[in-house]
Amino acid sequence: MTDTSRQIKQMVNFIMQEAHEKVNEIRIKTEHDFNLEKQMLVHNGKIKIQEEFAQKEKDLEIQQRVERSAAIGNARVKKMKARDELLDTLKRESTAKLAQITQTPQYTQLLKQLIIQGLIKIEEPVVQISCRAEDRALIRGVLTEATKEFKTIMTAAGHQVKPQVTLSETPLPSKSCSGGVILTACDNRIVLNQTLDERLEIAYHDVMPSVRKGLFSEST
């Protein structure tokens, strides 16, 4: 082999070696870039999945909170409705018992006391009393005595009074009045309701906090 051929062969071998090294360098760099890109994609994918999972978890928590709040609200509404229904039942039962009171011997004395109390409250010299048609006879029977007792009470308190108390010819409707009386003065400009229904209504509102506390504990 001549020197020229040998030199050419060495040059070719050198070029081939350089080419192989270059190819290997490119391959290594390509694999490195590929692995780096793959790691970035995997990392970004994991972050995206974590973010999506966190968002879904947050949405689920909010939904559960809303549903829980709605359930509590509905339970409270049902509880309040049940309370109101029970209290209304108690009120209806109390109203029904008023009719029983008017059938007792004590009712006549109660009418007299209601008239006396009404005269003291209204403080007018001329008073008209209204009552149910079925109570007119009872009122006539106690009106004079009630007026006398009223005068005695006022005199003892240092007030001299000469009340003119009359019974109205217009009866109270029995459907809306369970008993008792209504006192009016000054051409009906002053009205004092002394009916059993009104007294029950006053008592109902006065004792309602105690009734609620007794019937319903704070935890119910």
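Tutor: Let us begin with one pair of residues: in this predicted model, Leu183 stands opposite Leu192, a residue of strand β4.

Student: How many bridges join β3 to β4, and in what direction do the two strands run?

Tutor: As background, strands of a sheet pair through backbone hydrogen bonds, either in parallel or in antiparallel fashion. Counted over the strands, the bridges that join β3 to β4, which run antiparallel, number 6.

Student: Which residue in the hairpin of β3 and β4 takes a positive phi?

Tutor: The hairpin of β3 and β4 has 4 residues between the strands. A positive phi, near 55 degrees, is found in this hairpin at Cys186.

Student: How are β1 and β2 joined, parallel or antiparallel?

Tutor: Strand β1 covers residues 126–130 and is joined to β2 by 4 bridges. Val126, for example, stands opposite Gln164 in β2. The two strands β1 and β2 run parallel.

Student: In what order do the strands lie in the sheet, and why is one side of β2 and of β4 left without a neighbour?

Tutor: The sheet is open, its pairing is mixed, and its 4 strands follow the order β2-β1-β3-β4. Because β2 (164–167) and β4 (190–195) stand at the edges, each has a single partner strand, and one side of each lacks a neighbour in the sheet. From one strand to the next, the twist averages 20 degrees.

Student: Which helices lie across β1, β2 and β3, and at what angles do they run?

Tutor: Helix α2, residues 106–122, lies across β1, β2, β3 and β4, and its angle to β3 is about 25 degrees. The other helix, made of residues 136–156, lies across β1, β2 and β3 and runs at about 175 degrees to β2; this is α3.

Student: How do α2 and α3 pack, and what is the handedness of their crossing?

Tutor: The axes of α2 and α3 are 9 Å apart and the helices pack at an angle of about 45 degrees, which makes α2 oblique to α3. Among the residues that meet are Leu111, Ile115 and Leu119 in α2, and Val142, Ala146 and Phe150 in α3. By class, this contact has 13 nonpolar, 2 polar and 3 charged residues. The crossing of α2 and α3 is right-handed.

Student: What is the radius of gyration of the protein?

Tutor: The C-alpha trace spans about 160 × 35 × 30 Å along its principal axes. A compact globule of 220 residues would have a radius of gyration near 17 Å, but the value for this protein is 49 Å.

Notes: Residues numbered from 1 in each chain as written. Predicted model: local features only at pLDDT ≥ 70, side-chain atom pairs only at ≥ 80, totals over all residues. Heavy atoms only, no water. Pairing = 2+ DSSP bridges. Axes fitted to C-alpha atoms, helices over the stretch in contact; angles between N-to-C directions. Contact = heavy atoms within 4.5 Å. Parallel < 35°, antiparallel > 145°, perpendicular 65-115°, else oblique. Left-handed = near helix turned anticlockwise from the far one by under 90°. Nonpolar A, V, L, I, M, F, W, Y, C, P; charged D, E, K, R; others polar. Rg over C-alpha atoms; globule rule 2.2 N^0.38 Å.
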